[in-house]
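Please look through the sequence and the structure before reading on.

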Amino acid sequence: MQSYKPYVIPESLDKRHPYIQEPFTSKVDPKEITLAIKERAVPKYLDVLKNPEVEATIKRDALKTLNEIVSHQETKDIMIDQGMIEAVAPLLKDSNPEVRREAVSLVGSLAMSEKTKQKFSILCDGVQSQLTDEFPSVQEMAAWAIFRLSSGRDGCDAITCNSLASSMVAAFIRYVTPGLFKPELQHFFLYLLEAFVNITQYDDGIVPTLGTGMVAALRDVLLPDYGNEFGIYAQKIHECTLKLLGNISVNHKGKNECIEEKVIDAAWPYLSSNVLQERIYAAYVLMSCGAHLHGKYQIVQKVDSDNAPIIIQKLIEKMTEKNENLRRNAKIALNVVADWPEGFHKITEQMAGKVDLLDELFGPRAVKALAELLPAVSELGDELFNIDPHRLAQYQLYVKHIAYFMRKYEEAVRIAIDDTINIAEKLAVYINPATKAQAEAMFCLTRVCIEDGYNALMLKKFIDKYGDMQIPKGTLKESTTIKKEMTSPLGLSLIHISEPTRPLYISYAVFCLKKKKKKK
């Protein structure tokens, strides 16, 4: 015997059941109807939808009721198996906007079913047409249906394989144009963006966006002038836009287009947003675009009124935030920028005084940049033992950081020897006690010169040339010399620096650390 169950409906659902006529023969309350579940209910609605003689308002009501009962997966499968997709497809282009809206709403409700994705080619043309429908409520529901469809890889494939992605791009560009965007399109816009975010996780979804003007349109969405257009949805729209641009710029061609359209300039201010997700996705854009050489250049060359690299500074700030995703994105962005030597130097320069962060970001390889930031003796000229105080403060930090890494990592000593030029000569300047980096300089010189004869020779030449020169000792009026400081109570005693007995690169030096005996 056919099974039935009571179905309690709210007042808004009254009169939606055209095939059930009063008077009711049962004793059920008029606010309840008895629905034949599964086998009988769906076919009756299908008959209504397929009948060309049925009025649009009745079809609309049938679709509304179907949208109410479609929540269970079992019901969805029954609908699809009994031909619901085929019945709804022509209604997507019905002359009545309410029918169109309810039809695409039902498509959205069925969209996450594997069976719907397999049959989506039947629906594609109708859904495409609704993206530019004259009624915003229909557009919104079509975008929602596409968003639902894009929830999995097979749904994304259904969108890209049926050319729907290209129609989405065209609709997006059309309505983002200044003057054409309407407040009632805010939901439509947001659903489209969320669908794009999903499909651009895959290259097949990125390709339809390229060379169309969409990247430029997305960039414009991030500009301050657009903020008022999106009302209360501005935050979510900006968040999705940043994530979408990050996805697009992962693709090689997408990255090129993002660089050409100056996406970095539009994205980086969101590193200062009060909204965490906006900061996360802004760092994501910089991380993706920064992998491009011109992206590195744009990030490094963006400076504030004090000529400081503002984007680099902001990314360093993000490394100190609590959110792990933001920290990770900022760290990756800085690392990819550091692949460019100038970027490596700028980042290291900005992290002076933040040795823990510098260690977290670069580890022992930071020694290379730190050493390169120290000026060569020839560059100092007359300032050799009287460096400008402002610059000296920076150089002190570099020397102290080099010592930090050499104490922590054996590898750091090897990097100093193999990857830098004349580091011993650069460090020798800071044997001068007035630099307030003497202990660190001597420690580094000892480590480097014990292991490398070339640097030992450079140190010897420096001492031969400057060792007897009188230099001020701290803030006192007394003076000293480099040779005297080499045998200072700090404990570094120069026993012998040999002249090379073999070719230059295998000359050697012998340094000893010995404590001076205290006078009895």
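Rings of Phe, Tyr and Trp (its six-membered ring) pair if their centres lie within 6.5 Å; planes under 30 degrees apart count as stacked, over 60 as edge-to-face and the rest as tilted. Ring pairs link Phe172, Phe189 and Phe196 into a cluster.

The model is predicted: local features need pLDDT of at least 70, side-chain atom pairs count only at pLDDT 80 or more, and totals for chains, interfaces and linings use all residues. Residues are numbered from 1 along each chain as its sequence is written, and side-chain values use heavy atoms, with hydrogens and water left out.

**Aromatic pairs**

- The count of aromatic pairs by this rule is twelve.
- The pair of Phe172 and Phe196 is edge-to-face, because the ring centres are 6.1 Å apart and the planes stand at 85°.
- This pair links distant parts of the chain, 24 residues apart: Phe172 belongs to helix α10 (residues 164–176) and Phe196 to helix α11 (residues 186–199). Helices are DSSP runs (H or I, at least four residues), numbered from the N terminus.
- Phe172 counts as buried because its relative accessibility is 0%; buried means under 20% relative accessible area, exposed over 50%, and partly exposed in between (1.4 Å probe, protein chains only).
- Phe196 is also buried, with a relative accessible area of 0%.
- Phe344 and Phe362 form an edge-to-face pair, with 4.9 Å from centre to centre and 80° between the planes.
- That pair, too, links distant parts of the chain: Phe344 in helix α21 (residues 341–350) and Phe362 in helix α22 (residues 355–362) are 18 residues apart.
- Phe344 is buried at 6% relative accessibility, and Phe362 is buried with a relative accessible area of 6%.

**Charges over rings**

- Arg365 lies over the face of Phe344, 5.4 Å from the ring centre. A charge sits over a ring if NZ of Lys or CZ of Arg is within 6 Å of the ring centre and within 35 degrees of the ring normal.
- Arg153 lies over the face of Tyr202, at 4.1 Å from the ring centre.

**A buried lysine**

- Lys59 is part of helix α2 (residues 56–69).
- Lys59 is buried but has no salt bridge, and Asp94, the nearest side chain of opposite charge, is 5.1 Å away. Lys and Arg count as positive and Asp and Glu as negative, while His and the chain ends are not counted. A salt bridge is a side-chain nitrogen of Lys or Arg within 4 Å of a carboxyl oxygen of Asp or Glu.
- A polar atom of the Lys59 side chain lies 3.4 Å from the backbone oxygen of Asn51.

Notes. Helices (H or I, at least four residues) and strands (E, at least two) are DSSP runs, numbered from the N terminus. A polar contact is a pair of N or O atoms within 3.5 Å; within protein, one must be able to donate a hydrogen and the other to accept it, and residues adjacent in sequence count only if both atoms are side-chain atoms.
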